[in-house]
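Me: I have a model open and want to learn how to read its side-chain features. Can you take me through them one at a time?

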Amino acid sequence: MGLYFNQTTLLADTLISPELTVDQAMTNDTLPVITDFSEIDSDTIFITDFEQEINDTLPEQEVRQTGTAFILDTRVEYSAKDSIPFDIKNQIVYLYGDAEMEYGNINLTAAYIMIDFRKKELFASGLPDSLGILQGNPVFVEGSQNFESKELRYNFETQRGRTVQVITEEADGFMHGEVVKMMEDRVIHVSSGKYTTCDNPEPHFHISFNRAKVIPNDKIITSAPRLTIAGVHTPLILPFGFFPNTQGQASGILVPSYGEASNRGFYLENGGFYWGVNDYVDLSIRGDIYSRGSWAARLGSTYRKRYKYNGSINLNYAINILGERDLPGYERSRDFRVQWSHGQDPKARPNSVFRANVNAGSSSFNRFNPTTASDYLSNTFSSNISYSANWAGRYNLSVNARHSQNTLTQRVDLSLPEMAFSVSRFYPFRRRSPQGKLRWYEEITMNYNMNASNRISVLEDELFTSAVFDNMKSGVQHAVPLSHSFRVLRHFNLSNSLNYNERWYFEKIERRWESDPNNDFSDPDGPIPGQVITDTLGGFYAVRDFSYSTSLNTRVYGLMQFQRGPVTALRHVVSPSLSFSYRPDFADPFWGYYGFYNDPNREQPVRYSHFEGGTYGVPGAGRSGSISLSVSNNLEMKVRNRRDTITGERKIALIDNLSVSGSYNLAADSLNMSDIRVSGRTRLFGQFDITYGGTWSPYAVNEQGTRINRFLWEDGQKLLQRTNTTWSLSFNYNLSSGNRSSRQGPSPTQQDNAHRGMAGIMENGINGNGFDEEESEIDETLPPGIIDYSIPWSLRFSYNFSYNAPVDRRTLTTNRSYRQNLNFSGDLSLTPNWRIGLSSGYNFDENKFTYTSVDIYRDLHCWELLINWIPFGFRQSYNLTLRVKSSVLQDLKLTRRTHHLDRAFN
C-alpha cells in the first residue's frame, strides 16, 4: 500500500508546464483558485439571471477536462469533471469534481486534487456538498492494493506520504488508522489504529493498538493489541501483535484447539505445520494428542499443474484409547485411512486418461475418527485406480486396480490388477469395396472382448499376511460374439447370435474321498466317517464354451381416441418375443471340465467342477435347448391440459412395463417347464414408483416340498400355484415455501452439506454453513408499507416399502415380511440471518429413529454462531461454536461441545 515512484535526479529541463487541453487563457472559473484547502467553504455554482433552461430530448453528456505533465521523467495524466484551473506562476494544478490522476501504475481519485509541480507534492481530499457533508474522499489504487482516506499528502521526490483516517484492506482484513505515514522503503507506519475482518465502516469487533508497522507482502506488527467487541474493550491484551500479510501460499504453524474429553482426557487437536512447497504442491502435517494416551497424525497434500493434472492425498493414523487400563470399558484400537484423488485434464492427452480415487482404511476408523456425518453413516470403502486408452477409433484398453471393503463384515475384496481390452463392432466378411447390394453374410457383425484379473478376498486382519496369496484367484476370459439380424415378413425382426467364450485358468482342483483311518465300524448303520480332500494343481488350463440363440420379436399398437371427456386417447403397446437358445452339456467327460468322486454316504458319485470358484465361472453342466416366450405391455393415456399452450394435452403412463415370461427346455429329461414370471412397474402422480413381481409353478411337490415331474392339473388341482410375490414402493417428495427466485434457498448439495452435520463443518474449520447469501436474501422490492411475513423453508421426504411373500408349498402357508423406512430433512429460515436444519428418519422394522441431527446457524455479519445437536444414538453430542468468519482469525472463537466417545462407554 502506498504511492511509489522511480527515484531519479531532477534535471533542470525535466519540469515543464502542463499541456492543458483547455484554452490556457481561460484561467477564470466559477470556482476560485485555492492554494489553501482549509479555506474552502462550498463548491456550489450559482446560475445567473440571464441563463435560461433549455429543454432537450437528449441527456446532457458529461464533459471532462484533461491534462498531461511530467514529474521525475514520468508521465502524469489527470482529468476532472468540474474544472482544472492552473497557477502558471507557482506551477500548481487544481482538479475539482471527480478528479482523477494516473502516474505509472498508480491511480488516484478524489473530489479535489492539488498537484504542486515545483515542490513535487500532492494533496487530495474530499469536498463538502451543499449540506456540508464531505464527499469524494481520496481512493488510492496501486496494483492489487487500495485504500480510502480523508486526506492524502505525498512527496514524489522523497517518496513519503501522510494520510488521515485511512481504511485499507490488508491480510484478508481491514486496517483502520487515524494517521498513516508511508515511507520510501514501502513500509507503512500507523498511529491510533485497529485491525478487523469486518467490512463495516464501524466494525462490530476489532483489535485496537497505538502503533503498528505494516511491511507489504510480509507481516503486520503492532504494539499491545486489545480485543474490542461492539465498542467495549475486553481485558484480552497481549504484549505485541503479529499478523501475516502475504498473498498466495504462506508456510507457518497451525495453532491447535484445546479442550477436555471425559474418556480421553485433556487434548490438543489439529495442531501442526503448513508448508507451501511451491506453486504446484503444498503439505500439511497435523496431529492430536490426549492426556490419557490417545494420539493421531495426519499428512495432507494437494497438487495442481494447469492443463495437466490435479489431486490431493491424505494419510491418517490414530491410536484411540478409551477409559482407564485394567478398568471396565477400557478399549484400545489402531486405525488408519488413506485417501488419494487424482484427475487428469482431458486436454492433456485426449486418447489416454489416468484417474485415481482411493479410499481405504480400518473398519473402526469412521467410528472413532469421523469428519462428517456421511462418513459415520457409511459402512463401505471403495477405491479405483484406472488407466484407459483408445486408438484408431476401434481399440480400447483399460487397466484398473480396485478395492472394496465392508466395515460391518470386515471383508476386503481386491482386484490387482484388472485389465480389459475390446475391439468395437466390425464386419469380418464384408468386402473392402462393396458394389451393389450387400450379401447376407456381409451383414454379420463381430466383437472381441478380453478381461483379465487377479482377485483377492480376505478378512481385514489377514490383509498383510500370507493368507493373501492363499486366497488369490487369477484368470483371463475371451469373448467373441457374432450376430446377424434382418427383417422377416416386413413386421418381424429375426436376430441370430453365436457366442464363443474361452477362459484361461492357472490352477484346477481335484477332489477325492478319504476315509477315517481310526474308524472301528462300531456303528454299521451310521454314516461312514471320512472327509473330502481337495488338492490344488498349478498349470495352464483353457476352458471353452459356446452357445447359439435366435429371437423373433415385433410390436403391436392399439389406439383408442375419445372426442369428449378429460381423456383424449389411450394407447396400448404389446411387445411379444419368441426366442430359442441351445447350449451343449459341458459336463460331458469329453470336455474334461468336470470330475467325480465316490462318497460312500451317497448313492451316486458326486460331480464337481475342476474350476469351481474360478474368476470367470465355469461352463454350465447339462444340455439346454429352451424355447422362451415373453410378452410385455405398456399402457399410456392422454388427458386434456390447459396449462400446455402448445398441444393442450398431457401424457400419463399408466403401466410402464407389465411382462409375462416363461420357457420350455427341450433338452431336459424332466421338469421341462420353468416357472411363469410376472413383473411390472409404473409411476403414479409423478412421485410413487411401484414395482411388482410374482412367480407361479405348474408342477406339484412331494412331502418334502421338492418339485416333482407331475403337473398340478394332473392331480385335479389348479393350473398354476403361486410360489412368491414381491412388492416395492418408493416415494420422494420435496416441499418448499415458493418459487420466487429470492426464496428458492440453497441447492440440494448445499442442503446436504448443511444437514449432514454442522459439527463436521466446525471441526474442519470451513467458513459459513453451506448456504449462499444471495440465495437467502429477503426480497426488498415489496411496495412501501407492506411487510413480507413469509418464511423461506423446504422439506424433503423419502419413503421406501418392500413386501415379500414366499409360499411354503408343503403347508400352503405364506411367510409375509415387510420392510419400510422413512427419511426426512428440511430447513427453515426464520430471518435472513437465522437458519434451522433437521435431518432424521424412522426405521419401522426396529421401531426407532435413525441418525438425527439438528443444526442451527446465526449469521452475525463478521461473526457466526453454529450449533449442532445429535439428541440420541451412538453419536449423541452437541457442538456450539461462536467464531469469526475470516480464516485469518480462525482461532478467535468460543467452543463448547461434548464428544460422542465421552459417553459411548459410560
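Me: Which ring does the charged end of arginine 607 sit over?

Reply: First the rule: a charge sits over a ring if NZ of Lys or CZ of Arg is within 6 Å of the ring centre and within 35 degrees of the ring normal. Here the charged end of arginine 607 sits over the ring of tyrosine 594, 5.8 Å from its centre. Arginine 430 has its charged end over the ring of tyrosine 427, 3.8 Å from the centre.

Me: What should I know about the source and the numbering?

Reply: This is a predicted model, in which local features need pLDDT of at least 70 and side-chain atom pairs count only at pLDDT 80 or more, while totals for chains, interfaces and linings use all residues. Residues are numbered from 1 along each chain as its sequence is written, and side-chain values use heavy atoms, with hydrogens and water left out.

Me: How many aromatic pairs does a search of the whole structure find?

Reply: Rings of Phe, Tyr and Trp (its six-membered ring) pair if their centres lie within 6.5 Å; planes under 30 degrees apart count as stacked, over 60 as edge-to-face and the rest as tilted. The search finds 33 aromatic pairs. Take phenylalanine 590 and tryptophan 591: their ring centres are 5.1 Å apart and the planes stand at 80°, so the pair is edge-to-face.

Me: Which residues do ring pairs link into a cluster?

Reply: Phe546, Phe586, Phe590, Trp591 and Tyr593.

Me: Which residues touch the most other members of the largest nonpolar core?

Reply: A nonpolar core is a set of buried Ala, Val, Leu, Ile, Met, Phe, Trp, Tyr and Cys residues joined through side-chain atoms within 4.5 Å. The largest core has 45 residues, and Tyr78, Leu95, Met101, Leu108, Ile113, Leu122 and Phe205 touch the most other members. A second, separate core has nine residues, including Tyr593 and Tyr594.

Me: What about the backbone? Where does leucine 489 lie?

Reply: Strands (E, at least two residues) and helices (H or I, at least four) are DSSP runs, numbered from the N terminus. Leucine 489 is in the loop between strand S33 (472–488) and strand S34 (492–515). Its phi is near 50°, a positive value in a residue other than glycine. Leucine 489 is exposed, at 69% relative accessible area.

Me: Which residues does a cis peptide bond join?

Reply: Leucine 416 and proline 417, with omega about -10°. Proline 417 lies in strand S31 (residues 411–426).

Key. Buried < 20%, exposed > 50% of the residue type's maximum accessible area, 1.4 Å probe, protein only.
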